[in-house]
Amino acid sequence: MKNICKGILLLSLTVIAGQTEARIVKNGVWNIDFDTKTGAVSVLREGIVIINRSVANWGTAKDTVSMAECRKFKVNAVKSAHNPTFNMEGVTPDGSKATLTIALLNDDSFTVDLLLAGKTADEGVDFIAPVNTTAPVQMNWSDVRQLSVPYDNDAWVRYVLTPAGEKARESYEVGAVFDAATRAGLIAGSIDHDLWKSAVRYEMTAPATLDALTLVSGAASELTRDVRRHGIVKGGKVASARFFVTLADDWRDGMEAFADLCAQVAPNKTKGGVKPFGWNSWGDLQTKINYKNATEVADFIKGELMPSFSDADGSVIVNLDAFWDFGFKEEDHKKFTELCRKNGQKAGIYFCPFTDWGKNPDATVSEAPQYKMGELYLRSNGEPIVFDGAPALDPTHPGTKARVAAHLNKFKDWGYEYVKIDFMAHGAYESDHHYNPAVSTGTQAFSEGMQFIDSVADGKLWINLSIAPLFPASYAQSRRIGCDAWSNIGSTEYTLNALTYGWWLDHLYHYNDADHIVFKDVTEGENRARLTSSAITGVYFLGDNMSETGDSITKERLRKFAVNDRVNNMARRTKSFRPVRPGEGDKASDIFEGRDGKTVWVAYFNYGENEKPAEFSMAELNLEPGAVKSVTELWSGESIAPAAKVSAVIPAKDVKLFEIEIK
């Protein structure tokens with residue numbers, strides 16, 4: 001998308017005399033219509049309606065107020081060094097001021113937000129919707145889909161694609177309506193993630209009509225894991241999140257533009273590096289992890305899989321997951337991390353900062369004995385908030401912070417360099433109150449907790465988020481893109497559902513994480529598919545038991561598949577692949593593309609029980625057939641003659657992985 005803010009010849013603000021409408025004309029590209037009688041706002045780009053007569057609203061469970069109730073409207077052009085900005089101010093019946101602001105970013109996109117000041121802000125609100133319209137917008141598209149993005153990755157939640165004409169699920173932080181035939185799309189999402197949980201709500205009762213659109217800060221529901229309304233936000237001034245809106249030629253580009261803007265607003269505070277290759281104990285050993293079998297796994301990886309299976313620095317992370325504290329003595333940790341270093345590896349470990357798995361509110365917080373665990377709990381109506389079987393802890397509480405500091409400092413002292421931190425969404429639940437009186441929302445509390453984790457890690461630990469909200473995304477190197485995944489083709493498809501619609505998250509985090517790859521007890525085709533699904537997603541971790549007690553057949557499969565040099569080289573060179581085509585409903589796409597320089601890779605999956613013919617065109621990849629030098633299927637090594645289309649037959653529960661070299 002081009003930025004056209006430079007070289008603007010004319011910015012004009014025209015109030016049509018004798019009428020109730022004010023119109024802002026921006027260089028012939030944007031029309032923003034402010035109706036100073038009804039409080040409605042419309043946004044048009046080159047005559048195409050994007051927002052139709054939106055009337056912002058805000059309030060609490062007891063009272064909702066809208067711009068339609070305001071009076072004494074004023075429309076202003078705001079001087080800006082960067083982007084042309086316009087707002088409409090109105091005075092509410094109680095004398096408060098509401099200011100709706102639209103900032104034009106370029107010829108494709110803008111942001112919109114609402115600021116409240118006065119009595120309303122002093123008393124507080126638990127939602128603000130700067131866009132709230134039930135005036136229809138006609139989409140000149142043929143195959144319209146509505147994308148619903150989950151708030152987190154807990155409980156095996158999925159991204160869902162709903163056809164126009166059917167009711168779509170609420171979408172959290174960002175949503176999209178797009179044409180599956182042409183890829184054109186309308187994308188909207190919040191770019192501020194330090195205060196509110198935000199949502200996108202849309203209704204399309206007809207195949208090509210957007211009947212209603214709401215962009216709201218202050219979302220709380222079963223899918224945000226909340227059991228109470230969003231926290232009240234109050235003060236001298238209260239603002240919604242800023243919402244980014246774009247009309248994109250390709251919805252995938254629009255999602256990436258959204259992510260890039262979020263990354264500009266809140267740059268990742270952590271240092272990145274090469275894509276991690278590794279192993280995680282939860283794949284198979286699980287509760288049986290101990291010092292002996294962990295060292296055996298490290299040695300197997302060193303002797304059997306490295307250097308082919310290793311990151312761009314030649315290293316592999318050997319990661320201990322949950323229950324390490326039962327299988328390791330205190331003195332074992334430094335011995336283990338030293339063994340890993342001798343093997344050319346890095347040691348990783350596991351921690352849950354915001355949950356009490358002891359489930360005993362009367363237990364003393366060992367790291368802060370002045371507190372009982374129950375004092376750290378988040379509560380709703382006075383009762384502990386429990387999800388996934390564990391009470392949630394207040395990230396702002398000194399007892400919680402003492403636990404975090406003690407564990408992370410101990411990990412650093414032992415020599416660990418990577419830590420998987422799990423059940424993070426617990427820290428973002430809406431609660432009756434928080435220890436920090438300045439914190440009133442789950443997102444505020446979670447942000448404070450993540451800032452503290454980042455400060456203690458001090459750049460010496462790679463932080464990998466497991467179960468966690470999508471945002472904020474600036475305090476960790478990587479994040480699990482889905483929930484737990486295992487060996488079968490269903491796990492592969494589940495993981496790839498999150499890649500289909502969430503690949504863009506690695507524009508925020510340094511890498512996405514597809515969870516551990518497990519080979520045990522399934523077919524070789526499923527092994528190939530599962531390994532490929534991880535290689536094209538990001539963090540690239542194996543998960544089988546490779547110790548002396550491990551299954552011999554599984555070990556042979558690892559020796560066969562985990563050392564494919566061309567697949568591993570692709571994994572080292574790429575970040576997340578994006579979908580070539582969308583999926584259907586809550587199912588994953590079956591075809592993805594990734595690029596590096598003059599190489600394009602296409603991964604084509606078969607999730608079914610029978611073999612299937614598969615075909616893709618160079619046009620779908622935005623490639624000219626004459627520009628292709630060679631096509632190779634990486635699992636078989638088969639060379640395919642370059643052509644306008646590539647055709648193949650994919651066996652049941654398997655994958656084909658094509659490498660396309662450009663002249």
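Trainee: Is Glu448 buried or exposed?
Mentor: Buried. This is a predicted model, and Glu448 comes out at 16% relative accessibility. The cut-off for buried is under 20%, so Glu448 qualifies.

Trainee: Which side chain meets Glu448 in a salt bridge?
Mentor: Lys401. The N to O distance is 2.7 Å. Lys401 sits in helix 6, residues 398-414, while Glu448 belongs to helix 7. The two are 47 residues apart.

Trainee: How many salt bridges does the count come to?
Mentor: The count is 42. One of them joins Glu493 and Arg158 at 2.8 Å, N to O. Glu493 is in helix 8, residues 489-502. Arg158 is in the loop between strand 14 (144-148) and strand 15 (160-163). That pair links distant parts of the chain, 335 residues apart.

Trainee: And are those two buried or exposed?
Mentor: Both count as buried: Glu493 has a relative accessible area of 8%, and Arg158 has 16% relative accessibility.

Trainee: What does Lys197 pair with?
Mentor: Glu430, in a salt bridge of 3.0 Å, N to O. Lys197 lies in the loop between strand 18 (185-190) and strand 19 (198-203). Glu430 lies in the loop between strand 31 (418-421) and helix 7 (442-457). They are 233 residues apart in sequence, so the pair ties those parts together.

Trainee: What relative accessibility do they have?
Mentor: Lys197 is at 0% and counts as buried. Glu430 is also buried, with a relative accessible area of 0%.

Trainee: Which residues are linked in a salt-bridge network?
Mentor: Asp250, Arg252, Glu593 and Arg595.

Trainee: Switching to rings. How many aromatic pairs are there?
Mentor: The count comes to 32. Take Phe336 and Tyr416: the pair is tilted, 6.4 Å centre to centre, with 40 degrees between the planes. Phe336 is in helix 5, residues 332-342, and Tyr416 is in the loop between helix 6 and strand 31. The residues are 80 apart in sequence, so this pair ties separate parts together. Phe336 is buried at 0% relative accessibility, and Tyr416 is buried at 2%.

Trainee: Where is Lys575?
Mentor: Over the face of Tyr511, at 5.5 Å from the ring centre.

Trainee: Why is the Phe519 and Phe561 pair edge-to-face?
Mentor: Their planes are at 80 degrees, so the pair is edge-to-face. The ring centres are 6.2 Å apart. Phe519 is in the loop between strand 34 (511-513) and helix 9 (524-535). Phe561 is in helix 10, residues 552-561. They are 42 residues apart, and both are buried.

Trainee: How many bridges hold for strand 6 and strand 12?
Mentor: Three, in the antiparallel sense. Strand 6 covers residues 57-59 and strand 12 covers residues 127-133.

Trainee: Which residue stands opposite Trp58?
Mentor: Ile128, in strand 12.

Note on methods:
Residues numbered from 1 in each chain as written. Predicted model: local features only at pLDDT ≥ 70, side-chain atom pairs only at ≥ 80, totals over all residues. Heavy atoms only, no water. Salt bridge = Lys/Arg side-chain N within 4 Å of Asp/Glu carboxyl O. Helix = DSSP H or I, 4+ residues; strand = E, 2+ residues; numbered from the N terminus. Buried < 20%, exposed > 50% of the residue type's maximum accessible area, 1.4 Å probe, protein only. Pairing = 2+ DSSP bridges. Phe/Tyr/Trp six-rings, centres within 6.5 Å; stacked < 30°, edge-to-face > 60°. Lys NZ or Arg CZ within 6 Å of the ring centre and 35° of its normal.
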